[in-house]
Every structure is written in structure tokens, then in C-alpha cells.
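Keep the viewer open as you read.

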Amino acid sequence: MATTFADQLRALTDEALGALVQLRPDLVVPLPADISALAVRAQSRGSVARCLDTLDEFTLQILDAARLSRGVETALTSVSEILALASGAAPDDVRVAIDRLRVRFLLHGSDDALQVTGAVDEVMSPYPAQLGRPADFLDPQAAALCADRAKLRRTVMAAPPGARAVLDRLAAGPPIGALSLQTAAEPVRWLVDHHVLVPISDAGRAPRADGELVELPREVGMLLRRDTGPLGVLRPFPPLPDGPVRDPKSVDSAGAGQVMEAVRSTEALLEALGAEPAPILRAGGLGVRDLKRLARAAGLDEPVAALLLEVAYAAGLVGESDASGISRAVTISRAAGGVEEIFLPTGAYDLWRALSIAHRWETLVRSWLVMTRQPGLIGQRDERDRPISALAPEVERSVAAEARRDTLLVLADLAPGTAPPADEVLGLLTWQAPRRARGREAAHRDALSGAALLGVVALGAITSYARLLLEDPDQGESDPLGIRRGRAHPVSEAIRVLDAQLPAPVDHILVQADLSVVVPGPPEPDLATELDVVAEPESAGGASVFRVTAASVRRALDAGYSAADLHTLFKRRSRTPVPQTLSYMIDDAARKHGGLRSGSAGSYLRGDDEALIAEVLTDKRLTGLSLRQIAPTVLVSPTPTARLLGALRDAGFAPVAEDAGGATVLSRPKVRRAPTRTSVAARVADQAGPPVLAGPRLAGVVEQIRRGDIATRAARRAPVAVRAANGQGVPGLSAVQQHGQAMAVLQQAVREKVRVWVGYVDSHGATLSRLVRPVSLSAGYLRAEDERTETLHTFALHRITAAVPED
């Protein structure tokens with residue numbers, strides 16, 4: 001009944017039509033030409049399925065009641081019949097659910113003649129409310145039994161205990177079971193023999209290994225549900241969580257601590273990856289050994305490291321690059337003779353490190369929210385029984401982002417501080433959207449674990465700053481044209497709230513007598529860079545601890561610091577007196593530093609101290625270098641310079657490298673970066689999503705549909721002269737209007753700027769008519785505006801068959 005459906009849509013007020021478009025935005029993507037096109041789209045399987053996916057459990061049960069109560073001949077139901085089936089709920093709640101279905105046009109018609117939209121039966125289960133088909137449809141003997149209500153009750157009550165258990169199981173749904181031919185259970189056989197269960201054929205399918213199918217008639221199922229009602233247990237409202245309620249300030253404080261840990265762990269992972277890039281497997285992804293190495297270097301568990309790597313990759317902080325220029329041998333080759341590829345931090349990582357902790361956290365979490373990957377799958381087996389690796393294509397799941405957002409929105413809808421257990425969160429998700437939650441339990445649990453790791457959730461409750469990230473700023477009335485959709489603000493409200501929870505960055509250190517360095521808070525980027533060079537990290541947290549060692553001082557000297565620079569650095573940064581032990585260590589390392597110089601011969605070693613040269617030459621630990629003295633102060637070796645320097649340093653010497661001119665070569669390693677990648681969050685923001693329909697934009701959409709409908713209906717009433725010219729038989733009229741007369745009508749319409757009906761032949765030979773407003777007539781073409789579509793059309797004059805002014 002597409003025409004009746006379209007007429008009902010056409011009869012809606014602008015407010016009601018706007019409400020339909022708001023609740024089902026897919027109906028206007030792209031914008032339908034008229035009401036008829038809107039009606040066809042609203043009854044399509046895809047649109048109905050998307051609409052059903054947003055409905056809660058109670059509303060779907062009321063829709064099942066409407067399907068169950070339809071008449072056999074008319075296929076109509078009524079509000080009173082639905083109320084009778086849903087007797088287990090308050091009538092007002094049932095009416096509200098019916099209104100939700102009617103405003104979405106899943107039900108339409110008057111209260112006494114409601115009709116279910118046709119595609120609903122195609123999309124939903126063939127067994128409404130998990131009840132079987134009527135007995136008269138299944139079997140005459142079962143129908144006769146069900147027609148005698150007293151006999152049916154006696155038969156059910158007389159069923160053996162095993163048979164009654166089968167009935168209760170099928171009554172709960174689904175109403176279909178398998179009757180094994182090899183081990184025909186006596187209880188099931190008793191039910192079939194007494195026509196309480198009906199054997200059915202599995203038409204069109206191969207023979208079933210488990211035997212024939214049996215179905216529980218609808219009347220028997222409704223009898224067995226006499227305690228709960230025909231529709232089962234009705235829950236008009238979502239189940240209330242039974243979890244504890246935390247202090248919101250405690251939740252934010254705990255979350256802030258986890259935020260710092262997540263940012264620090266991500267940085268440690270990417271630093272380890274930058275120091276030793278990981279090769280990309282032939283099938284894609286990161287190898288198990290490399291993941292273990294990175295996790296061990298960052299002090300993390302492997303699942304945590306895998307999640308942070310996935311988030312960093314989604315944020316554009318990790319990318320792929322070729323292995324050219326890497327000094328170490330990459331063990332996995334992608335193709336014979338081909339260029340090997342590796343994972344590396346990108347250039348965006350250096351910019352990310354310079355941001356505040358709150359900015360860095362927001363970058364990670366926004367990417368995590370929208371990435372279509374499910375890190376919880378890493379380590380599991382795929383369908384070919386192969387382990388799923390981090391950053392591998394097998395981790396991709398299209399529903400991951402939607403499941404993640406649904407999970408967090410459930411927590412955000414609760415009172416601040418509410419910390420429901422994971423099972424109760426899944427129960428809320430199942431009630432809110434049963435169809436959408438089906439099969440997504442693993443994704444929802446993965447979302448909860450990821451949220452806890454990233455500081456989005458703390459103590460089981462969502463943090464206040466995470467709530468702000470879930471909101472869509474500048475939408476609706478404040479942005480009627482949608483021009484700010486997808487734009488990120490330089491400083492969002494979430495960053496401001498989180499900054500207030502985090503300790504302020506510090507620019508100083510506390511040097512202890514044991515050469516440990518305490519940083520009493522998050523270090524500023526410049527301080528963090530300096531500490532990376534001059535000290536070794538020992539522990540991290542709200543106050544991190546480093547330690548100055550001889551190796552770290554030597555590393556600083558290799559990077560270009562002088563002894564005076566190091567003294568100045570510690571004096572400037574430390575709020576405590578610099579211990580003499582540290583000053584002596586710096587001076588001693590500087591005095592020894594550069595006492596030996598290495599070049600390539602393979603490589604050579606020279607120094608001004610002949611005794612030192614002799615000591616190196618006679619050191620048995622260095623026999624593998626094959627050192628040979630060519631002068632009192634010069635030794636040469638066939639080994640590369642890098643290996644020579646490493647062996648000497650391991651033996652306790654402090655050599656430095658020099659170039660061909662004798663100048664010292666600073667040994668700070670060159671930082672390699674992969675090409676910069678666009679983060680997932682930025683790509684999603686740039687994509688044109690469903691329109692935000694509110695205020696003036698919604699009114700404009702409704703007005704456009706109305707105008708198109710009026711123009712389309714008017715187009716069906718083209719003048720008889722135009723229809724005759726288009727080859728349709730009209731008694732008393734010429735088949736084709738004279739071409740000269742048509743040109744005269746068009747010229748007059750251009751001068752007076754009035755609309756005319758134009759009959760023409762398109763490029764496929766079809767005869768059409770269109771109501772247009774001529775703009776110009778020249779060079780063999782008519783240019784006219786179609787007000788229905790607001791487009792400018794060009795007609796070749798030789799294709800125009802008729803032109804008649806609009807009445």
C-alpha cells in the first residue's frame with residue numbers, strides 16, 4: 001500500500017514530518033525528490049532495519065504485540081488489541097511505546113486500524129515475541145486440540161516432567177527444536193504423539209544431521225506464558241544498576257592518575273620503537289617477539305602495549321617506512337630483493353610530545369573512540385587458527401567504534417560517580433538496543449577495559465572530562481547550517497577540566513646525594529628532553545625518578561654537552577645543592593672523554609698518551625678487535641668504527657669518534673621518523689556524516705520535500721497539448737504542436753519571466769514534460785530553471801516538441 005502510505009505522510013504536519021526525519025535521518029540522505037520517494041525509502045528493508053536497531057527492548061515487544069494481534073484477512077490491528085496482549089505493563093507505558101512506533105512510521109493508521117509497515121516482517125524474526133505460528137497453520141490435529149482450551153490444559157498438565165521441561169524451554173523461545181531420529185527422546189515423542197508439538201519440514205535445505213524440526217504452536221506457547229503474559233516479561237524502563245556510587249572527585253582524581261600513566265606508557269613504547277624499529281610481517285602487523293620486546297622496554301603487559309600501539313597508530317603517531325638507512329639488520333624480508341618495511345614513530349609524534357599531558361590524552365582518546373579496530377582480539381586465533389598480531393588487518397572490526405561509543409554513553413547517562421559492574425552495563429546495552437547489541441558483547445567488554453586503561457573510566461565510573469568528549473559541541477540550534485561540524489577546538493572543555501585535575505608541569509629537579517634525580521611532577525617538554533640525555537629513568541608516576549650514572553654523563557658528552565654545560569644545567573634546574581659527587585663524576589668523565597679517538601681503517605685508534613695506547617693494545621678483552629700498532633700513538637683495526645667504540649666502552653675506556661679532519665663527531669643518534677599520517681579522528685571529522693537536523697536546517701529539509709511533492713504532483717497534470725505533442729492520444733488535438741508556435745511561446749515566456757510546460761525528447765528517445773521558467777533562448781538552446789530541483793537545465797531547441805504557458 002505504497003500510495004496509502006505516501007498519502008499518510010503527505011497528511012502529516014510539518015512538525016510531524018520533521019520529527020520523522022529527525023528520528024530516521026537516513027531517509028533524507030540523499031534528499032528525496034518528493035513525498036512518494038520518501039515513502040518508498042521509509043518502507044525499504046535497509047531503512048527499517050536501521051530504525052529497528054535504535055529501538056529499546058520494550059518498544060520492540062510492543063511492535064511484536066502489533067504483529068501478533070493482526071487480523072488474518074485485513075492484516076490490521078488496533079491500540080486496544082495491543083493493550084490486551086501487553087497486559088503486563090501499564091497502559092500509559094504501552095501507549096507511549098505505540099507513539100514511538102507511530103512517529104517513526106513503523107506503525108501507521110488510525111487507533112482502530114493500525115498497520116505494520118511491510119518491511120518490518122522481512123527484517124524481524126518470523127516468530128513474533130518468540131511464539132510459534134498458529135496451530136491451524138501447522139497441523140489440523142494440533143488445531144483441534146488448541147480449539148478445545150480445557151482439553152489443551154489437561155494435556156499440558158498431564159505431560160511427563162521431561163516433556164514439561166521441553167515445553168517450558170520452547171515456550172521461552174525460540175519455538176523451534178530438533179527431534180533426533182537416532183535418539184528420539186521419549187518426552188519429545190510424547191509431545192508429538194499428543195499433537196502438542198508439530199513436526200515441520202525444513203523445505204529447501206539439505207537433510208539435517210540432528211533430525212527433523214518440531215514447532216510449538218502459538219496457542220500452546222501463550223498458555224504456558226500465563227504467569228508472565230503472552231509477550232513474556234515486560235520492562236518498560238531500563239534496569240537500574242546495582243553498583244556502588246563513588247565520589248565524583250575521587251573518580252576524576254583516580255582517572256587523572258591513569259591519564260598520566262597512559263600518556264607516559266605510550267611515550268615509552270614509541271621511544272623504544274624509535275630506538276629499534278620493528279619490521280612489518282609479510283601478512284601485515286607487528287611480530288609477537290617485537291611486541292614482547294617493546295612491552296618489556298616500556299614495563300607493560302603485552303595486552304596493554306598492544307592497545308596503546310593500536311591507539312598510537314590510529315592517532316597518526318606510528319607509521320610505516322622503508323628500512324633503508326637502518327644500521328641493524330631487519331630479519332623479516334617482505335619480498336625477494338624488495339625494500340623491507342618497518343614501523344616507526346612519525347613526525348607527528350615529536351609535535352605530540354611537545355603538548356601538555358591533557359592535550360596528548362585527548363589526541364589518544366579521540367582516536368580510540370573512532371578507530372574501527374578491536375585491540376581485544378590481539379593474541380586470539382583467527383578462522384585459520386593463526387594468532388592475530390597487533391596492527392594486523394585481522395584486528396579491523398567495522399562495529400568497534402559504534403560499540404565503544406554505545407558503551408560509554410550508557411555510563412554517561414547514569415548519575416555522576418555510578419560504577420555499575422560490567423555485566424550490568426551489558427544488560428543496559430541489551431535493553432536499550434537489543435538488535436544492535438546482539439553479538440557485540442566482546443566489543444563492549446573490550447571498550448570497558450580500554451576505557452579503564454586510558455583513564456576514561458576510573459573506579460568503574462566515567463570521569464567528568466570523558467563525558468565532555470562524548471558530547472557533540474556546536475550542534476543543533478547553535479550551528480543550524482552545520483558549518484562547524486567535525487571541527488576540533490584548539491582547547492576543548494575536556495582539556496580544561498582535565499588540566500585542573502593534573503599536577504602542574506615542573507621546570508626543576510631535586511638532585512639527591514646518591515645521584516638520584518627526583519622530578520616532583522610532570523616535567524616540562526624541555527626538561528624532559530634534557531633528562532633523556534643526562535640521566536637514566538628509574539620510576540615514573542606523579543613524581544618520576546632518574547639517576548645520573550657515568551654512562552649517562554658520557555652519553556651527554558657524546559651528544560655535544562661540555563663539562564661546563566652539565567654543571568650549569570644541574571645548577572639551573574636543581575632546587576637542591578648539587579652534590580660534590582656529581583660534580584666530580586662530570587669532571588672525571590670529561591677529563592677522560594676524548595682521550596681516545598677512532599676513525600676508519602677498517603678503523604683506527606689514536607691518542608696522545610702512549611701509555612694509554614699500550615694499555616689498550618695489551619688488554620686481553622680487546623683481542624677480538626685485531627688491533628695493530630702502526631705508530632706510538634696510533635692503532636688500527638679491521639672492525640667497523642661503531643663496533644670498535646662499543647668494545648672500548650664496554651672495557652671501561654671513553655673513546656670518541658672523529659672525522660677525516662680530526663674533528664670530534666657528536667654521537668647523538670639521528671632520529672628517524674616515518675612519514676606523517678593523518679589520525680583516524682581527523683579523517684572521521686573530515687568525512688561528511690549524516691546531517692545534523694535541527695532548527696532552520698530541519699525546516700529547510702521539510703520545506704524542500706514539500707515543494708518537490710507539489711511540483712511532482714503538478715507535473716502529473718501536464719496540459720493536454722503537451723501530452724498530445726509527446727505522442728499520447730488525446731481526442732480532438734493535433735499529435736504534435738507546430739515548432740514555430742512553441743518557439744513563440746518560449747520567447748514570450750523569457751520576456752515575461754513566467755513558467756511554461758515544455759515537452760521534449762531526451763537523449764534516450766523518451767518523451768518527457770517539465771515545468772520550467774525560461775531564462776534565455778539563443779544559439780539553438782533553451783536555458784530554463786526547474787524550481788522543483790533548483791537546477792538550471794539546457795534543452796536543444798530541435799528536441800522541444802511543445803511549449804504551453806502555465807495556467
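By class, the residues around the largest cavity are eight nonpolar, no polar and no charged; here Ala, Val, Leu, Ile, Met, Phe, Trp, Tyr, Cys and Pro count as nonpolar, Asp, Glu, Lys and Arg as charged, and the others, Gly among them, as polar. The model is predicted, so local features need pLDDT of at least 70 and side-chain atom pairs count only at pLDDT 80 or more, while totals for chains, interfaces and linings use all residues. Residues are numbered from 1 along each chain as its sequence is written, and side-chain values use heavy atoms, leaving out hydrogens and water.

How many cavities of 30 Å³ or more does a search of the whole structure find? The search finds one, and the volume of the largest cavity is about 30 Å³. A cavity is a set of points on a 1 Å grid over the protein atoms alone where a 1.4 Å probe fits but cannot get out, and lining residues have an atom within 4 Å of a point. Grid points are joined across faces, edges and corners, and the volume is the space filled by probe spheres set on the points. The lining consists of Trp361, Val365, Leu369, Leu408, Val456, Ala466, Leu469 and Leu470.

Now for the packing. The largest nonpolar core has 71 residues, and Trp361, Trp368 and Val456 have the most contacts inside it. Such a core is a set of buried Ala, Val, Leu, Ile, Met, Phe, Trp, Tyr and Cys residues joined through side-chain atoms within 4.5 Å, where buried means under 20% relative accessible area, exposed over 50%, and partly exposed in between (1.4 Å probe, protein chains only). Apart from it lies another core, of 35 residues, among them Leu106, Leu107, Ala119 and Trp431.

Next, look at strand 18 (residues 634-637): Val634 and Val636 point one way, Leu635 and Ser637 point the other way, and all are buried. In a regular strand the side chains alternate between the two faces of the sheet. Strand 16 (residues 603-606) runs antiparallel to strand 18, joined by four bridges (strands pair if DSSP finds at least two bridges between them), and Ser603 stands opposite Ser637. Strand 17 (residues 628-631) is also antiparallel to strand 18, with three bridges, and the two form a hairpin with two residues between them.

Technical notes:
On a 1 Å grid over the protein atoms alone, a cavity is a set of points where a 1.4 Å probe fits but cannot get out, and a pocket is an open set with protein on both sides within 12 Å along at least five of seven lines; lining residues have an atom within 4 Å of a point.
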